[in-house]
Amino acid sequence: MNAIRNNIPNAITSLNLLFGSMACIAAFSCFDTVCGGLKGYELAFICIALSAVADFFDGLVARLLNAVSGIGKELDSLADLVSFGLAPAMILYNMMLDHGAGHWALVALLLPVFGALRLARFNVDTNQATTFTGVPIPANAIFWIGFTAWYATYPTPLWMTILAIVAMSLLMVCNLRMFSLKMHNLSSLKQNWAQYLQVIATVALVIVMGLPGLAPAIMLYVLLSVIKKEK
């Protein structure tokens with residue numbers, strides 16, 4: 001029974017990896033109708049969202065069952081690299097090809113490379129329990145869902161897309177301290193003002209802009225982290 005209990009979180013993490021892999025496959029049918037009237041990139045978005053749900057619950061279940069393990073931590077990072085690093089990169093890569101970027105589309109591969117560096121550093125850094133060093137890789141995925149949702153309808157100049165790729169890659173491995181959305185004292189506005197503002201602004205941006213609103217929401221997250229650090 002202990003073996004089964006200890007592997008329940010790993011099974012959930014494996015779902016994260018499975019959905020991330022499905023997102024990569026869907027990305028290569030980017031603008032084709034693939035399932036239920038959804039285009040490939042839209043199905044990929046859904047798969048990444050399902051990966052995020054699994055990523056949330058694997059840790060929660062591990063703590064509830066007291067089944068936290070080193071293997072689980074490593075498996076979680078490997079799954080996150082596929083779901084939140086490679087999958088968004090594959091969506092962007094295929095969209096860039098469709099919009100005539102040619103070999104420049106390969107620049108999108110910087111995202112999983114820097115995502116891997118980000119995760120490797122996270123795994124050996126014991127000071128990232130309540131804050132993060134650099135943009136977390138799930139936030140990278142959220143940004144690119146927003147960016148590509150806009151890019152699918154309103155193609156962005158190639159130089160701007162490449163600039164965004166380089167900037168997000170560097171943000172994942174920079175030394176900027178990023179706040180966590182976890183709030184231990186919900187009544188403390190002074191302590192949690194950035195978290196409250198981030199949540200409210202994200203909801204507002206998505207209501208007004210739809211999925212593209214996720215990109216400026218992550219830009220706001222970076223800005224608020226800079227301001228919070230200075231205070």
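This is a predicted model: local features need pLDDT of at least 70, side-chain atom pairs count only at pLDDT 80 or more; totals for chains, interfaces and linings use all residues.

**Surface and overall shape**

Next I looked at the dimensions. Along the principal axes, the C-alpha atoms fill a box of roughly 50 × 45 × 30 Å. I then checked the radius of gyration, which is 18 Å; a compact globule of 231 residues would have one near 17 Å, so the two agree. I also noted that 44% of the 231 residues count as buried.

For charges, I found 12 positive and 10 negative side chains. The centres of these two sets lie 14 Å apart.

**Fold**

I went through the secondary structure and got 8 helices and 4 strands. Along the sequence they follow the pattern α-β-β-α-α-α-β-α-α-β-α-α.

**Core**

I then turned to the inside. The largest nonpolar core holds 54 residues, and Ile-48, Ile-91, Leu-92, Trp-144 and Ile-165 have the most contacts inside it. Elements that each supply at least two residues include α1 (2-27), α2 (40-64), α5 (137-151), α6 (158-173) and the strand β4 (177-179). Which helix gives the most to this core? I found that α3 does, with 10 residues.

Leaving aside residues up to four places away in sequence, Leu-92 touches Ala-108, Leu-111, Trp-144, Phe-147, Thr-148, Thr-161 and Ile-165. Two of these partners, Trp-144 and Ile-165, are also listed with Leu-92 among the residues with the most contacts inside the core.

**Two spot checks**

Is Met-22 buried, partly exposed or exposed? Met-22 sits in helix α1, and its relative accessibility is 38%, so I logged it as partly exposed. I also took a distance from Met-22 to Ala-141: the two are 119 residues apart along the chain, and their C-alpha atoms are separated by 15 Å.

My other pick was Arg-63, in helix α2. Its relative accessible area is 55%, and exposed means over 50%, so Arg-63 counts as exposed.

Definitions and conventions
Residues are numbered from 1 along each chain as its sequence is written. Side-chain values use heavy atoms; hydrogens and water are left out. A nonpolar core is a set of buried Ala, Val, Leu, Ile, Met, Phe, Trp, Tyr and Cys residues joined through side-chain atoms within 4.5 Å. Buried means under 20% relative accessible area, exposed over 50%, partly exposed in between (1.4 Å probe, protein chains only). Contact means heavy atoms within 4.5 Å. The radius of gyration is taken over C-alpha atoms; the globule rule is 2.2 Å times the number of residues to the power 0.38. Lys and Arg count as positive and Asp and Glu as negative; His and the chain ends are not counted. The place of a charge is taken as NZ of Lys, CZ of Arg, CG of Asp or CD of Glu.
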